[in-house]
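The sequence and the structure come first.

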Amino acid sequence: MHWLYLLLALLFLAMAMKSTAPGWLVVVLVLAALGLFLAWMLGWVASRVSTGSRDDTNMISPEELRQLREQAEARKNAASKPIAPDDSQS
């Protein structure tokens, strides 16, 4: 629906060019056209980015997730064990 912003921007720009109204109205129409044009560009870019993105849930399989959890648990357990002093250094 972002294309509506482009249509409105073009309409406002055409109205500003054909207008015989006071100068301040022409400035308002041109600024509105600029704002709508920027909104159209942002909407277009957002739609392009969203169509190219993939589903986050499929990035890692459940098996890989299980293995990562096991590795993290093993590292956590290894870090929590106190290190025994070495008697050979005395």
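How many residues does helix 2 have, and how far does helix 2 reach from its first C-alpha to its last? Helix 2 has 30 residues, and the span between its end C-alpha atoms is 44 Å. That is close to the 44 Å expected at 1.5 Å a residue.

## Overall make-up

The model is predicted. Its protein chain contains three helices and zero strands. Read from the N terminus, the order of elements is α-α-α.

The protein chain has 90 residues, of which buried residues make up 6%.

## Helix 1 against helix 2

Helix 1 covers residues 3-18 and helix 2 covers residues 23-52. Their axes come within 8 Å and cross at roughly 160°. Because of that angle, helix 1 is roughly antiparallel to helix 2; the cut-off for this label is an angle over 145 degrees. The crossing of the two helices is left-handed.

On the side of helix 1, the contact is made by W3, Y5, L6, L8, A9, F12, L13, M15 and A16. Their counterparts in helix 2 are V26, L29, V30, A32, A33, L36, F37, A39 and W40. By class, the contact has 18 nonpolar residues, with no polar and no charged ones.

An α-helix has 3.6 residues a turn, so residues three or four places apart point the same way. In helix 2, the residues meeting helix 1 include V26, L29, A33, L36 and W40.

## Buried residues of helix 2

Which residues of helix 2 are buried? They are L29, A33 and L36. Helix 1 is included in what covers these buried residues. L29, A33 and L36 also belong to the set that meets helix 1.

L11 is part of helix 1. With a relative accessibility of 44%, L11 counts as partly exposed, because that class lies between the 20% limit for buried and the 50% limit for exposed. A33 itself is buried.

M41 is located in helix 2. M41 is likewise partly exposed, at a relative accessible area of 35%. From M41 to W3 the C-alpha distance is 9.2 Å, at a sequence separation of 38 residues.

## The segment before helix 1

H2 sits in the segment before helix 1. Which residues does H2 touch, leaving aside those up to four places away in sequence? The contacts of H2 are with W40, G43, W44 and S47.

H2 and W40 are 38 residues apart in sequence, and their C-alpha atoms are 5.4 Å apart in space. W40 is also one of the residues in helix 2 that meet helix 1.

How values were computed:
Residues numbered from 1 in each chain as written. Predicted model: local features only at pLDDT ≥ 70, side-chain atom pairs only at ≥ 80, totals over all residues. Heavy atoms only, no water. Axes fitted to C-alpha atoms, helices over the stretch in contact; angles between N-to-C directions. Helix = DSSP H or I, 4+ residues; strand = E, 2+ residues; numbered from the N terminus. Parallel < 35°, antiparallel > 145°, perpendicular 65-115°, else oblique. Left-handed = near helix turned anticlockwise from the far one by under 90°. Contact = heavy atoms within 4.5 Å. Nonpolar A, V, L, I, M, F, W, Y, C, P; charged D, E, K, R; others polar. Expected span 1.5 Å × (residues − 1). Buried < 20%, exposed > 50% of the residue type's maximum accessible area, 1.4 Å probe, protein only.
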